[in-house]
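Below are my notes on the model, written as numbered points. Please read them with the structure open.

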Amino acid sequence: MAQMIETPRIIRETSKGYDAYTILEDMLARRELECTGELNDSRFWSLARQLLWLQKEDPQREITLYLSGSGGSVSSALALYDVMSALSCPIRTVGMGQLSCPGALLLAAGARREVLPHTQINLYVGASSRVGMGEDRDAARQSRESAAELLCRLTARTREELEEALRADRWRSAQEGVELGLADQVVQRL
């Protein structure tokens with residue numbers, strides 16, 4: 001059974017009484033989004049809607065996307081990359097915790113890319129990795145190839161370097177993520 005994580009609520013007194021809202025609602029108002037846990041089709045659609053709404057609100061102002069997740073669908077990550085690329089507002093990506101390949105793809109896609117010091121990154125996409133509902137091994141291979149091509153563009157690394165990273169089930173440190181070109185810098189403060 002999946003464990004539900006409670007989202008804390010903020011309570012503020014206003015001229016009309018007390019107003020209560022979640023931290024996620026407050027973050028959205030500050031143009032901050034989070035992509036945590038497994039990236040699936042449902043999470044993709046939620047983030048895509050939020051990004052499109054923020055684009056409509058202010059097409060020039062930066063959006064921050066906090067990333068942390070240990071799994072999910074590469075095809076959902078590629079779809080979210082397409083949405084991010086189609087927006088005119090810059091997107092700052094911040095990696096924290098553990099990032100598997102879907103999260104690492106999104107980290108590398110940011111206009112400004114940062115990782116916290118203890119972030120761990122794994123680019124592994126195995127032949128049996130889930131790439132989306134109903135997709136088979138050919139689709140998994142195609143997703144791995146698409147991920148490698150995209151990472152080549154985003155990191156300025158060779159296809160061979162990235163193919164090796166996508167096949168090696170190895171966690172990299174935040175600094176190794178910077179050296180691989182997935183992020184621009186390790187940051188101490190947000």
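1. The angle between α3 and α5 (residues 137-155) is about 40°, and their axes are 10 Å apart. Axes here are lines fitted to C-alpha atoms, for helices over the stretch in contact, and angles run from 0 to 180 degrees between N-to-C directions. The crossing of α3 with α5 is left-handed, a term for a near helix turned anticlockwise from the far one by less than a right angle, with clockwise giving right-handed. On the α3 side the contact (heavy atoms within 4.5 Å) uses Val74, Ser75, Leu78 and Tyr81, and on the α5 side Ser143, Ser146, Ala147, Leu150, Arg153 and Leu154. Six of these residues are nonpolar, three polar and one charged. In this scheme Ala, Val, Leu, Ile, Met, Phe, Trp, Tyr, Cys and Pro are nonpolar, Asp, Glu, Lys and Arg are charged, and the others, Gly among them, are polar.

2. The model is predicted: local features need pLDDT of at least 70, side-chain atom pairs count only at pLDDT 80 or more, and totals for chains, interfaces and linings use all residues. Residues are numbered from 1 along each chain as its sequence is written, and side-chain values use heavy atoms, with hydrogens and water left out. Helices (H or I, at least four residues) and strands (E, at least two) are DSSP runs, numbered from the N terminus.

3. On confidence, the protein chain has a mean pLDDT (the predictor's confidence in each residue, from 0 to 100) of 88, and 91% of its residues reach 70 or more. Over residues 128-133 pLDDT stays under 50, and the model has 15 contacts for this stretch beyond four places in sequence. Where pLDDT is low, the predicted coordinates should not be read in detail.

4. Helix α3 (residues 74-86) also packs on helix α4 (residues 101-108), at an angle of about 15° and with the axes 8 Å apart. That angle makes α3 roughly parallel to α4. The crossing of α3 and α4 is right-handed. From α3, Val74, Ala77, Leu78, Leu80, Tyr81 and Met84 take part, and they meet Cys101, Pro102, Leu105 and Leu106 of α4. By class, the contact of α3 with α4 has 10 nonpolar residues and no polar or charged ones.

5. How many residues of α4 are buried? Eight of the eight are, so α4 is largely enclosed by the rest of the structure. Buried means under 20% relative accessible area, exposed over 50%, and partly exposed in between (1.4 Å probe, protein chains only). The buried residues of α4 include Gly103, Ala104, Leu107 and Ala108.

6. Helix α5 also meets α6 (159-167): the two axes come within 9 Å and cross at roughly 130°. That makes α5 oblique to α6. The crossing of α5 and α6 is right-handed. The contact is formed by Arg144, Glu145, Ala147, Ala148, Glu149, Leu151, Cys152 and Thr155 of α5 with Arg159, Leu162, Glu163, Leu166 and Arg167 of α6. By class, the contact of α5 with α6 has six nonpolar, one polar and six charged residues.

7. Two backbone angles deserve a check. Most residues other than glycine have a negative phi. Arg31, though not a glycine, has a positive phi of about 65°; Arg31 sits in the loop between α1 (23-29) and β3 (32-39) and is buried, at 3% relative accessible area. Ala156, also not a glycine, has a positive phi of about 60°. Ala156 lies in the loop between α5 and α6 and is exposed, with a relative accessible area of 73%.

8. Two aspartates complete the list. Asp19 is in strand β2 (residues 17-22) and counts as partly exposed at 37% relative accessibility. Apart from neighbours within four places in sequence, Asp19 is in contact with Ile10, Ile11, Arg12 and Thr14. Asp138 belongs to helix α5 and is partly exposed, with a relative accessible area of 46%. The C-alpha atoms of Asp138 and Gly110 are separated by 28 Å, and the two residues are 28 residues apart along the chain.

Note on methods. Parallel < 35°, antiparallel > 145°, perpendicular 65-115°, else oblique.
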